[in-house]
Amino acid sequence: MTTRLRVGVPPEVWDHIFEIATHVPYTLVPEIFEKSALIGDDYNELCRPALKTAFATKRNLVLVCKQWWHLAIRYLYRAILINNPRKILSICSTLQNYANGMGAVPGAKPLGWWAERLDVVIRGAAADEERLVDVIMCLPNLAVVSLDIRERRSKDELILRYILNASRHAASSLRVLDWSMESSDPATLLIERQLVAELSRLCILRSRYMPWTDGFIPQSILSSLTTFAVKRMLITEGGIPGGSGLEDRQISLREVVIDMTYDDFESWSIFMGRYGIFLTSVHLTYCDNRYLVMIKQSCPNIRRLTLSVINFSCLTHDMLSLPPIEYLGLNTLGVYPTWMESESLFSALATLTDTLPTLRVVQLTNPVDVARLSTIHYYEMAVRALEKDLAQCAFRIEDHDGNLLLERLEAVGVSVVHDRKNTTLLNLI
């Protein structure tokens, strides 16, 4: 049966409906800037399944009828996810066919023109991965690129260099680059540096290795780059903190993610000595008192701080000696807490009411932490602490979505009480 658009409904309305039906929050510009510091492995694990589901929806829309095909086709490859090497060849063929006018309406832009985001996830060698270069060459308006290609063989370095070079095709539009490659090959890193230097509109950069061994971000991107995250900070060409003359340049850098996978304290000290004065937000992927002291000394304008801890009992008095921030994000690293460790979270927050008068918001950024407090084991303790011990605190205590934590707990309170009653009955039986 042929499906027809309702008579009298303007194409603009259907266009808006298709936009809503295929939308994945925080994956495209400008929404993605709201999650700038979260871009990385955890963020990708959440957004990529949603992108996959959205693509299935878009594919169904364009197959409904010819009219819907004309209206919805530009959404089909708006975000491209390649997480199966066997799909590379088919995607490449489709994009190239449309670029050559096959299957496209005369005068219409090819499919690749509408692409705004590209995610590539490859583990190990893939037979057709060299065709990724052809895919990228069909996407001139990419704004977000996330490349996660791991478990490489030495002979595959050449392909990585080709992919980096091909990314220059979208240099004028690229705003977010997540380059999660394991390669430390000097020639590959050189091409990465050359690519990044050409991205005049780049706002967010995440790299596995520090691209610039002298610790200086290129002047060509200083005016646009706002968020910088690197897993391995290695400054090997000397340099001392400060004294770099950066104060005379236009610098937009405001946010840094310090990844603690490697302890590169000396290199981070040099970097923060140069750029800390410009930063208003810092994220520590593991809480270390040395780094907190470094942040206090080098970041006089900091307003937002996010800390990851093994568990909330790590929030000792020394860890809570924080700079005068307005926002504090807290999350645990997946270690299942005891009741006492969860209670220490609220003890720490009570301490902050007296020691940090500038604080306006405390947010539990990990959904898992919020979910645990909502369970039967922690619910009463959490609600009691929020309603009594922290009732008069001057700052908001939020869940990961920005809602009041107390309101979220109260919303699930009925089910928690119900579960408790059922547990009691089972024990009596």
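Colleague: Which residues of H1 meet which residues of H3?

Modeller: This is a predicted model, so everything below is computed from its coordinates. To read a helix contact, list the partners on each side. From H1 come Pro11, Trp14, Asp15, Phe18, Glu19 and Thr22, and they meet Trp68, Leu71, Ala72, Arg74 and Tyr75 of H3. Sorted by type, the residues of this contact are seven nonpolar, one polar and three charged.

Colleague: At roughly what angle do the axes of H1 and H3 cross?

Modeller: Helix H1 covers residues 11-22 and helix H3 covers residues 66-76; their axes cross at roughly 45° and come within 10 Å. An angle of that kind makes H1 oblique to H3. The handedness is a separate item: the crossing of H1 and H3 is right-handed.

Colleague: Next, aromatic rings. How many aromatic pairs does a search of the whole structure find?

Modeller: The search finds nine aromatic pairs. For each pair, read the distance between ring centres and then the angle between ring planes. Take Phe18 and Trp68: the centres are 5.3 Å apart and the planes are at 70°, so the pair is edge-to-face, an angle over 60 degrees being the cut-off. Phe18 sits in helix H1 and Trp68 in helix H3, 50 residues apart, so this pair links distant parts of the chain.

Colleague: Are Phe18 and Trp68 buried or exposed?

Modeller: The value to read is the relative accessible area, and under 20% counts as buried. Phe18 has 1% and is buried. Trp68, at 13%, counts as buried too.

Colleague: What is the geometry of the pair formed by Trp268 and Phe271?

Modeller: Trp268 and Phe271 are edge-to-face, with 5.6 Å from centre to centre and 85° between the planes. Trp268 and Phe271 are both buried.

Colleague: Now a whole element. How many of the eleven residues of helix H6 are buried?

Modeller: Count the buried residues along the helix, then ask what covers them. In H6 (residues 157-167) eight of the eleven are buried, so the helix is largely enclosed by the rest of the structure. The buried ones are Glu157, Ile159, Leu160, Arg161, Ile163, Leu164, Ala166 and Ser167. Their cover includes helix H5 (132-137), strand S3 (144-150), strand S4 (176-179) and helix H7 (186-197).

Colleague: Strand S3 contains Asp148. What does Asp148 touch?

Modeller: To read the surroundings of one residue, set aside its neighbours in sequence and list the rest. With residues up to four places away not counted, Asp148 touches Arg48, Val120, Val121, Ile122, Arg123 and Ser180. Asp148 has a relative accessible area of 4% and is buried.

Colleague: What about the backbone? Where is there a cis peptide bond?

Modeller: Read omega for the peptide bond. Val29 and Pro30 are joined by a cis peptide bond, with omega about 5°. Pro30 belongs to the loop between H1 and helix H2 (41-62). Tyr26 is also in the loop between H1 and H2. For Tyr26 the item to read is phi, which is near 65°, a positive value in a residue other than glycine. Tyr26 counts as partly exposed, at 29% relative accessibility.

Colleague: Which residues is Thr57 in contact with?

Modeller: Thr57 is in helix H2. Leaving aside neighbours within four places in sequence, Thr57 is in contact with Ala21 and Thr22. The C-alpha atoms of Thr57 and Phe18 are separated by 9.6 Å, although the two residues are 39 apart along the chain. With a relative accessible area of 29%, Thr57 is partly exposed.

Colleague: Last, the chain as a whole. How many helices and strands does the chain have?

Modeller: The chain has 15 helices and twelve strands. Of its 429 residues, 50% are buried. For contacts, look at separation in sequence: among those between residues at least 6 apart, 70% join residues at least 24 apart.

Terms used
Residues numbered from 1 in each chain as written. Predicted model: local features only at pLDDT ≥ 70, side-chain atom pairs only at ≥ 80, totals over all residues. Heavy atoms only, no water. Axes fitted to C-alpha atoms, helices over the stretch in contact; angles between N-to-C directions. Helix = DSSP H or I, 4+ residues; strand = E, 2+ residues; numbered from the N terminus. Parallel < 35°, antiparallel > 145°, perpendicular 65-115°, else oblique. Left-handed = near helix turned anticlockwise from the far one by under 90°. Contact = heavy atoms within 4.5 Å. Nonpolar A, V, L, I, M, F, W, Y, C, P; charged D, E, K, R; others polar. Phe/Tyr/Trp six-rings, centres within 6.5 Å; stacked < 30°, edge-to-face > 60°. Buried < 20%, exposed > 50% of the residue type's maximum accessible area, 1.4 Å probe, protein only.
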